[in-house]
Amino acid sequence: MEPFRTHTGIAVPLTRDDINTDEIAPVAAMRNLKLDYKALLFMRTRRRDDGSEEPEFVLNKPQFRNPSILVTGHNFGAGSSREAAVWSMLANNIRVIVARSFADIYRENCLQNGLLPVVLDANAADAFEAWVIANDGAAPFTVDLETQRISGPGGPDIVFDIAPADRTRLLEGLDDIGLTLKHADEIKAWEQRMAAAQPWLQSARENRR
């Protein structure tokens with residue numbers, strides 16, 4: 001997984017609540033054996049029934065054709081656990097989602113794939129949304145995971161919180177397997193201590209080999 005430290009790009013406002021994974025990555029379109037994850041993103045919302053673009057959808061507007069920071073509302077990624085709803089973001093070069101809250105499974109899928117989920121409290125979210133809307137794609141914003149700050153044109157930085165374990169995972173580019181291997185020595189030492197205290201555990205370990 002590619003490590004995430006800092007990212008600079010255009011921020012697009014999609015400030016609605018309860019956007020679910022079937023809107024992000026429609027299940028009907030996923031039946032295609034040669035699935036285009038880039039085209040999948042918000043497919044039903046971005047296009048009309050005849051296949052033409054919906055001009056009022058924010059990602060179809062000229063200034064937001066190539067955003068890499070998505071700004072949204074509460075409960076983003078609700079619904080099923082499909083990872084395609086994260087893969088389609090990454091296929092469109094979106095590396096950061098700033099939301100008021102995430103569905104738990106979607107947030108975990110973001111962390112597993114190097115997509116930074118940023119949660120802002122009500123006041124910070126109000127300020128950032130207004131900032132992004134006023135900027136209207138004219139200049140980029142920078143999200144710095146190391147300093148946990150969002151900076152941009154003409155405004156004070158916004159500070160965000162993230163759990164230390166999640167921050168480390170993204171900074172070092174670790175999925176669950178990588179995270180386990182990082183602590184392999186600690187796990188081995190713990191097993192040895194337990195085996196010394198409980199001989200039956202050593203016997204169980206030997207039987208697994």
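Tutor: Let us start with the cavity: helix H6 gives the most to the lining of the largest cavity, contributing three residues. Please keep in mind throughout that this is a predicted model.

Student: How many cavities of 30 Å³ or more does the structure hold, and what lines the largest cavity?

Tutor: The general idea is that rolling a probe the size of a water molecule over the atoms shows where empty space is left. Here the structure holds one cavity of 30 Å³ or more, and the space in the largest cavity is about 30 Å³. Its lining is made up of Val71, Thr72, Val98, Ala99, Arg100, Leu120, Ala125, Phe128 and Glu129. Strand S3 (69–72), strand S4 (96–99) and helix H6 (122–135) each supply at least two residues of that lining.

Student: How do the lining residues divide into nonpolar, polar and charged?

Tutor: Six of the residues lining the largest cavity are nonpolar, one is polar and two are charged.

Student: Which residues have the most contacts inside the largest nonpolar core?

Tutor: In soluble globular proteins, nonpolar side chains tend to be buried together. In this model the largest nonpolar core has 28 residues, and those with the most contacts inside it are Ile24, Phe42, Phe76, Met89, Ile97 and Tyr106. Strand S2 (11–14), helix H4 (84–91), S4 and helix H5 (104–112) each supply at least two residues of this core, and H4 gives the most to it, with four residues.

Student: Which residues does Phe76 touch, not counting residues up to four places away in sequence?

Tutor: With those neighbours left out, Phe76 touches Ile19, Ile24, Leu70, Met89, Ile97, Ala99, Ser101, Phe102, Ala103 and Tyr106. A second, separate core has 24 residues, including Ala11, Leu120, Phe160 and Leu171. Leu171 also belongs to helix H7 (residues 164–172), where Asp166, Arg169, Leu170 and Leu171 are buried.

Student: Where are Asp18 and Asn75 placed?

Tutor: Asp18 lies in the loop between S2 and helix H1 (21–24), and Asn75 is in the loop between S3 and H4. Asp18 counts as partly exposed because its relative accessibility is 49%, and Asn75, with a relative accessible area of 28%, is partly exposed too.

Student: What is the order of the strands in the open sheet?

Tutor: Strands of a sheet pair through backbone hydrogen bonds, either parallel or antiparallel. This open sheet of four strands has the order S1-S6-S7-S8, with antiparallel pairing; S1 and strand S8 (158–159) are the edge strands, each pairing on one side only. Four bridges join S1 to strand S6 (residues 141–144), while S6 and strand S7 (residues 149–151) pair over three bridges.

Student: Which residue of S6 stands opposite Thr8, and which residues of strand S1 are on its covered face?

Tutor: Thr8 stands opposite Thr142 in S6, and the bridge partner of Thr142 in S7 is Ser151. In strand S1 (residues 6–9), His7 and Gly9 form the covered face, whereas Thr6 and Thr8 form the uncovered one.

Technical notes: Residues numbered from 1 in each chain as written. Predicted model: local features only at pLDDT ≥ 70, side-chain atom pairs only at ≥ 80, totals over all residues. Heavy atoms only, no water. 1 Å grid on protein atoms, 1.4 Å probe; cavity = no way out; pocket = protein on both sides within 12 Å on 5 of 7 lines; lining within 4 Å. Points joined across faces, edges and corners; volume = space filled by probe spheres on them. Nonpolar A, V, L, I, M, F, W, Y, C, P; charged D, E, K, R; others polar. Core = buried A, V, L, I, M, F, W, Y, C linked by side-chain atoms within 4.5 Å. Buried < 20%, exposed > 50% of the residue type's maximum accessible area, 1.4 Å probe, protein only. Contact = heavy atoms within 4.5 Å. Pairing = 2+ DSSP bridges.
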